[in-house]
Amino acid sequence: MPTIAMLLVGLLLLWLGVNFVKSPSYFFTISFIGLTNGAVYALVALGYTLVYGILELINFAHGDVFMLGGLFSGTMIISAFHLGDHPSTGILIAAIFASLGVAMVACGLVNATVEFIAYRPLRGAPRLAPLITAIGMSFILQDVALGWKGPSYTSVPHILPRGNVFSFAGVSYTWEKLIVVVITVPVLLALMWLVQRTRQGKAMRATAQDRDAAAMMGINVNRTISFTFMIAGSLAGAAGLLYALYFSEVRYDTGFQLGLIAFTAAVLGGIGNLPGAVLGALCIGFIQAFNEGLRWHSPGSDWTQSIVFSILILILVFRPEGLLGERTPEGA
């Protein structure tokens, strides 16, 4: 199997190399798209990996919390700020940060409520019970969005500037891509600081390692788990805003597909590993962009989901700990 893996990697590198040689400027342009997509996926993937690290639970409703974040953001931009295309810079900045705050708080509360109602009563149950409950909560949140906004897409005005940040040797990097990254990076750094440097972060890591021992040391396990769900929901809310601004439309089922892609990214990087979730999300972002954008023998957008979920299956079969994860015994 290592020989087959090396052969596949070699073919992939050859394909990328040929595309690069044929059109270097276009290759870099597509790479910037992959970086932007990966930044959005990273925020959602971190929510999956945070919850799994604490409870060893795949919260399949997380993608739908992300979808609600996009709807909250889009509604606020349209209804509260009445923004159309090309607003003034001051109003644009105020609208983005106000919508970001609302989306993060609202989705954090939604996620914490889901944990309190659906997952906490099943904490001592067999693993299949909370997994089925998570799938059920996903459909409930979709129905909430469907009843609120209907089956049509909620369109968000193209408020992000789309001019070039720079253009060099045929490679252009536009403002809307930079804004997505500029919002994403501080959020990711703040999360890393929270988990690694704060007292609450230490409680989260202790609870992830051994809930019973953490409780014996005076840590409020229930509050720590609720806080983790709130942080994961806030990350989904931030991702929902960025998705709404960048792609300009959100629908009740948007979170289902993107949530599965982000889950694949978390598994690829190593579920439960924060840097791994970011790495996996960037890899998936680049894979999607190269598959849909490169011109020489690219499968095309019709094959994106098949490729992404094939990667998920291969990772689960041959390296279930992911790229940065560590292999541990079941239940360790």
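What relative accessible area does arginine 251 have, and how is arginine 251 classed by it?

Modeller: This is a predicted model, in which local features need pLDDT of at least 70 and side-chain atom pairs count only at pLDDT 80 or more, while totals for chains, interfaces and linings use all residues. Residues are numbered from 1 along each chain as its sequence is written, and side-chain values use heavy atoms, with hydrogens and water left out.

Arginine 251 has a relative accessible area of 22%, so it is partly exposed; buried means under 20% relative accessible area, exposed over 50%, and partly exposed in between, with a 1.4 Å probe and protein chains only. Its salt-bridge partner is aspartate 253, with 2.9 Å between the closest N and O atoms. Aspartate 253 is likewise partly exposed, at 24%. A salt bridge here is a side-chain nitrogen of Lys or Arg within 4 Å of a carboxyl oxygen of Asp or Glu. Side chains of opposite charge can pair when their charged atoms come close.

By this rule there are six salt bridges. One of them joins arginine 123 to glutamate 115, whose closest N and O atoms are 2.5 Å apart. Glutamate 115 is buried at 0%, whereas arginine 123 is partly exposed at 23%. Salt bridges link Glu115, Arg120 and Arg123 in a network. Glutamate 321 and arginine 319 also form a salt bridge, at 3.2 Å between the closest N and O atoms; glutamate 321 is buried at 13%, and arginine 319 is partly exposed at 35%.

The rings come next. Rings of Phe, Tyr and Trp (its six-membered ring) pair if their centres lie within 6.5 Å, with planes under 30 degrees apart counted as stacked, over 60 as edge-to-face and the rest as tilted. The count by this rule is 15 aromatic pairs. Phenylalanine 66 and tyrosine 243 form an edge-to-face pair, because their planes stand at 85°, with ring centres 5.5 Å apart. This pair links distant parts of the chain, 177 residues apart: phenylalanine 66 lies in helix H3 (residues 62-80) and tyrosine 243 in helix H9 (residues 221-247). Helices (H or I, at least four residues) and strands (E, at least two) are DSSP runs numbered from the N terminus. Phenylalanine 66 is buried at 1%, and tyrosine 243 is buried at 16%.

The rings of phenylalanine 166 and tyrosine 173 have planes at 35° and centres 5.7 Å apart, so that pair is tilted. Phenylalanine 166 is partly exposed at 38%, while tyrosine 173 is buried at 7%. Ring pairs also join Phe20, Phe27, Phe28, Phe286 and Phe290 into a cluster.
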